[in-house]
Amino acid sequence: MITPTASLADRTVFRIGYGALQLERLHGRRDEAVALLRRAVELGVDHVDTAEFYGFGFANDVIREALRPEDDVLVVTKVGADPDPGGPMPLRLAQRPEQLRASVEDNLRSLGVDRLAVVNLRRLDTGPGLRPEGDQVVDLDDQLAVMTALRDEGKIGAIGLSSVTLDGLRRALPAGVVCVQNAYSLVSRDDEDILRLCAAEGIAWVPFFPLGGAFPGLPKATDEPTVHAVAESLGVTAAQVGLAWLLHHAPNVFLIPGTADAAHLEANIAVGEIALDAENLAVLDGIESRSNDLPIG
């Protein structure tokens, strides 16, 4: 059985959190969104991942309404992109230092807090997704300078990184990094060296796209016959096996699966009860890892 809790930003929290991106699917049903987040807290979730650009601020608004001080939920947000309702994509890059500062202020307002517990600096150096161009190509040191200044001002409690390379993480270590969010899954394990460095440094590893398959053409854990075979033997779903593998793979891994459905939420939380034995882990570890480093756009 896995250890159910671990340290994230000097807090001991349940290793299965909630990613708020999918809340935007309930945009016209705000009461349902609030009830879903309340249900997550009832199930033990005490770590929520969000961003101002999730649903053009809707996710943050729901978090502000649903969470209460006595819930003691660690809310982690991110900067590096901003909402862009009128653009070709729902977000625009916001990598420049002054944009990072403005994004922090936006998150403070929408979450209704005086201090953001953890803010992830979303780089665009690796993994599937956009790559910066023009004035959005910004040196990491310049970004860390404004992030540490915001921390010194008390607006940020701790700094995380996202979509970062091994070299980038090493450069950032002196600034103090509490978590790393990279695209990583059973079928896309390019960042094993970064995960090991995080484990050695006491940094939480919080994979996004934890089942792969975020974009067409990328590998997907639930397409693997081996994953389905293990799932059938345990009486669980293939998605649950893909998530459970992550929890078993390293003790500093945290999950932030998102959903707009209460039954799916309960299935995600139940992953913490799934025991993968040595034989299960051996066959899953034998699945080929394929790259998900696919620039989009």
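A disulfide is a pair of cysteine sulfur atoms within 2.5 Å.

This is a predicted model: local features need pLDDT of at least 70, side-chain atom pairs count only at pLDDT 80 or more, and totals for chains, interfaces and linings use all residues. Residues are numbered from 1 along each chain as its sequence is written, and side-chain values use heavy atoms, with hydrogens and water left out.

Q: How do you know whether Cys179 is bonded to Cys198 or too far for a bond?
A: Set the distance against the 2.5 Å limit. The sulfur of Cys179 has its closest cysteine sulfur in Cys198, 9.0 Å away, so the pair is too far apart for a bond. Cys198 is in no disulfide either; its nearest cysteine sulfur is that of Cys179. By this rule the count of disulfides is zero.

Q: Why is Cys179 called buried?
A: Buried means under 20% relative accessible area, exposed means over 50%, and partly exposed lies in between (1.4 Å probe, protein chains only). Cys179 has 2%, so Cys179 is buried. Cys198 has 0% and therefore also counts as buried.

Q: Which residues of helix α6 are buried, and what do they pack against?
A: Helices (H or I, at least four residues) and strands (E, at least two) are DSSP runs, numbered from the N terminus. Helix α6 covers residues 192-201. Its buried residues are Glu192, Ile194, Leu195, Leu197 and Cys198. They pack against α5 (166-172), β10 (179-181), β11 (204-205) and α8. Just after α6, Gly202 takes a positive phi of about 70°.

Q: How do you know that the span of helix α3 agrees with its number of residues?
A: The expected span is 1.5 Å times one less than the number of residues. Helix α3 (residues 97-111) has 15 residues, so it should span 21 Å. Its end C-alpha atoms are 21 Å apart, which agrees.

Q: Which residues of α3 are buried, and what follows the helix?
A: Gln99, Leu100, Ser103, Val104, Asn107, Leu108, Ser110 and Leu111 are buried. An α-helix has 3.6 residues a turn, so residues three or four places apart point the same way. Just after α3 comes Gly112, with a positive phi of about 70°.

Q: What makes Gln143 and Thr148 count as buried?
A: Thr148 has 18% relative accessibility, so Thr148 counts as buried. Gln143 has 0%, so Gln143 counts as buried as well.

Q: Why is Val137 called exposed?
A: Its relative accessible area is 56%, so Val137 is exposed. Val137 sits in the loop between β8 and α4. Val137 and Leu93 are 44 residues apart in sequence, and their C-alpha atoms are 10.0 Å apart in space.

Q: What phi do Phe56 and Phe209 have, and where are they found?
A: Most residues other than glycine have a negative phi. Phe56 has a positive phi of about 55°. Phe56 is found in the loop between β4 (47-49) and α2. Phe209 has a positive phi of about 50°. Phe209 is found in the loop between β11 and α7 (225-234).

Q: Why are Phe56 and Phe209 called partly exposed?
A: Phe56 has 43% relative accessibility, so Phe56 counts as partly exposed. Phe209 has 31%, so Phe209 is partly exposed too.

Q: What makes a pocket, and what volume does the largest one have?
A: On a 1 Å grid over the protein atoms alone, a cavity is a set of points where a 1.4 Å probe fits but cannot get out; a pocket is an open set with protein on both sides within 12 Å along at least five of seven lines, and lining residues have an atom within 4 Å of a point. Grid points are joined across faces, edges and corners, and a volume is the space filled by probe spheres set on the points. The largest pocket has about 1,200 Å³. It is lined by 47 residues, with Leu21, Gln22, Tyr54, Phe208 and Phe209 closest to its centre.

Conventions
Contact means heavy atoms within 4.5 Å.
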